[in-house]
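Try each task before you read its solution.

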Amino acid sequence: MLANGTTLGYSKTSGSASYTDLPGLKEIPEIGSEKEKVDNTALTDKHKVYEKGIGDLPEMTYKFKYDNTKADSPYRTLRKADEDGTVLYFKETDPDKTTIEYGAQVSVKRTGGGVNGVIEFEVTMTVQTDITYTDPA
């Protein structure tokens, strides 16, 4: 499946019925965690025995087109949340209608540029809630 058509919206409240779209999304991150492999070997075991431990959610970085021409542009909206330390609630909707929802604090960074190079901005999510996956109907 291509990533084309994926959208990312945000809300200021958890469990919101509506999310405000963040236009200009260019790249989505890997989402999920790998559980730690915990050694639980007894002295009588013939080989090491492992169990799954807990996972650590990595930071996830989305890339956007840089546009700072309007007061409600994604760059300004997310930069303000970054400055305030606000937790926002996000909903990624993939082309097959799978949705991924979570709450996160954001960190916003504008990228550099050069000749014939576009300026973008990156939003790094520090996840603060469980990630909820909803499969398409």
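**Exercise 1.** Find the loop that holds Thr-111 in this predicted model, then decide whether Thr-111 is buried or exposed.

*Solution.* Start with the location: Thr-111 sits in the loop between strand 8 and strand 9. Next, look at its surroundings. Setting aside residues up to four places away in sequence, Thr-111 touches Val-118, Ile-119, Glu-120, Phe-121 and Glu-122. Last, take the relative accessibility, which is 15% for Thr-111. Buried means under 20%, so Thr-111 counts as buried.

**Exercise 2.** Work out which elements build the largest nonpolar core, and which of them gives the largest share.

*Solution.* Begin with the core itself, which has 21 residues. Those with the most contacts inside it are Leu-8, Leu-78, Phe-90, Tyr-102, Val-123 and Met-125. Now assign the core to elements: two or more residues each come from strand 1 (7-11), strand 6 (60-65), helix 1 (74-84), strand 7 (87-93), strand 8 (99-110) and strand 9 (120-127). The largest share, five residues, belongs to strand 8. As background, nonpolar side chains in soluble globular proteins tend to be buried together.

**Exercise 3.** Identify the buried residues of helix 1 and list what covers them.

*Solution.* Walk along the helix and you will find Pro-74, Tyr-75, Thr-77, Leu-78 and Ala-81 buried. Their cover includes strand 1, strand 7, strand 8 and strand 9. To finish, step past the end of helix 1 to Gly-85, which has a positive phi, near 75°.

**Exercise 4.** Classify the ring pair of Tyr-66 and Tyr-75, and say how accessible each residue is.

*Solution.* A search of the whole structure finds four aromatic pairs. In the pair of Tyr-66 and Tyr-75, the ring centres are 4.9 Å apart and the planes lie at 70°. An angle over 60 degrees counts as edge-to-face, so that is the class of this pair. For accessibility, Tyr-66 has a relative accessible area of 31% and is therefore partly exposed, whereas Tyr-75, at 11%, counts as buried. Now widen the view: Phe-64, Tyr-66, Tyr-75 and Phe-121 form one aromatic cluster.

**Exercise 5.** Which residue lies over the face of Tyr-50?

*Solution.* Centre your view on the ring of Tyr-50 and look for a charge over its face.

Methods:
Residues numbered from 1 in each chain as written. Predicted model: local features only at pLDDT ≥ 70, side-chain atom pairs only at ≥ 80, totals over all residues. Heavy atoms only, no water. Core = buried A, V, L, I, M, F, W, Y, C linked by side-chain atoms within 4.5 Å. Buried < 20%, exposed > 50% of the residue type's maximum accessible area, 1.4 Å probe, protein only. Helix = DSSP H or I, 4+ residues; strand = E, 2+ residues; numbered from the N terminus. Phe/Tyr/Trp six-rings, centres within 6.5 Å; stacked < 30°, edge-to-face > 60°. Lys NZ or Arg CZ within 6 Å of the ring centre and 35° of its normal. Contact = heavy atoms within 4.5 Å.
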